[in-house]
Amino acid sequence: MEQTIDPTLGPVLARTGDERAVLDSFLDFHRAVVLRKLRGLSDAEAARRLVPSTTTLAGLVKHLTLVERNWFPTLLAPEPGDVYLTSEQDAVASFTVDELDTVEGLVEAYERACARSRSVAARFDLDHVVPHPQLGEVSLRWILVHLIEETARHAGHADILRELTDGATGAV
């Protein structure tokens with residue numbers, strides 16, 4: 001039996017698009033997958049540790065919210081007080097969920113961060129280069145590819161955690 005691919009998925013729609021359309025559609029697809037893995041869960045389910053590390057569904061979304069802020073607004077269009085976070089402490093804190101973190105609040109924060117990232121990135125060409133505190137310089141193209149990789153990797157983690165939580169599987 002032949003399986004069909006959903007023709008409405010962003011990456012499918014962009015399959016003959018220009019480089020920017022393809023990059024943007026893949027990043028948005030993986031962002032949406034991450035959110036689908038969190039939606040429908042209680043705060044306790046989303047924060048539950050299911051693996052030996054401290055990784056949780058809620059923590060993944062909290063981390064990716066920081067990642068969005070770090071790579072797009074802070075690097076490409078910093079505002080006064082914006083600081084690019086690089087320490088191990090910052091990384092651990094970005095995954096740490098506390099009693100004030102709700103599924104609804106985490107989803108809203110991530111959606112806002114992604115919208116801001118899209119808005120900032122849209123102002124620059126793919127070849128736009130900015131200084132990076134650890135790598136020297138990076139282009140917007142590189143940032144987009146890196147965020148696709150980072151978000152897709154964590155979407156895979158979220159797939160496993162959601163299946164362990166309630167048995168739900170599938171990317172869409």
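This is a predicted model: local features need pLDDT of at least 70, side-chain atom pairs count only at pLDDT 80 or more; totals for chains, interfaces and linings use all residues.
1. Along the principal axes, the C-alpha trace spans about 45 × 45 × 25 Å.

2. A few whole-chain totals may be handy for you. Of the 172 residues, 41% count as buried. The accessible surface comes to about 9,600 Å², and carbon and sulfur atoms hold 55% of this area. Among contacts with a separation of 6 or more, 73% are between residues 24 or more positions apart.

3. Now to the interior. In soluble globular proteins, nonpolar side chains tend to be buried together. Here the largest nonpolar core has 21 residues, and Leu38, Ala46, Leu57, Val61 and Tyr110 touch the most other members. Helix H2 (19-38), helix H4 (57-71), helix H7 (103-121) and helix H8 (140-166) each supply at least two residues of this core. Apart from it lies another core, of 20 residues, including Phe72, Leu140, Ile143 and Leu147.

4. Tyr110 deserves a look of its own. Leaving aside residues up to four places away in sequence, Tyr110 touches Arg31, Leu35, Val61, Leu64, Thr65, Glu68 and Thr151. One of these neighbours, Val61, is also listed with Tyr110 among the core residues that touch the most other members.

5. For the aromatic rings, the count comes to 2 pairs. The ring centres of Trp71 and Tyr84 are 5.6 Å apart and the planes stand at 90°; an angle over 60 degrees counts as edge-to-face, so this pair is edge-to-face. Trp71 lies in helix H4 and Tyr84 in the loop between helix H5 (73-76) and helix H6 (88-95), so the pair ties together parts that are 13 residues apart in sequence.

6. The other pair, Trp71 with Trp142, is tilted, with 5.6 Å from centre to centre and 45° between the planes. Because Trp71 lies in helix H4 and Trp142 in helix H8, this pair ties together parts that are 71 residues apart in sequence. Trp71, Tyr84 and Trp142 form one aromatic cluster.

Definitions and conventions:
Residues are numbered from 1 along each chain as its sequence is written. Side-chain values use heavy atoms; hydrogens and water are left out. A nonpolar core is a set of buried Ala, Val, Leu, Ile, Met, Phe, Trp, Tyr and Cys residues joined through side-chain atoms within 4.5 Å. Buried means under 20% relative accessible area, exposed over 50%, partly exposed in between (1.4 Å probe, protein chains only). Helices (H or I, at least four residues) and strands (E, at least two) are DSSP runs, numbered from the N terminus. Contact means heavy atoms within 4.5 Å. Rings of Phe, Tyr and Trp (its six-membered ring) pair if their centres lie within 6.5 Å; planes under 30 degrees apart count as stacked, over 60 as edge-to-face and the rest as tilted. Accessible areas come from the Shrake-Rupley method with a 1.4 Å probe; for residues, only the protein chains shown count as cover.
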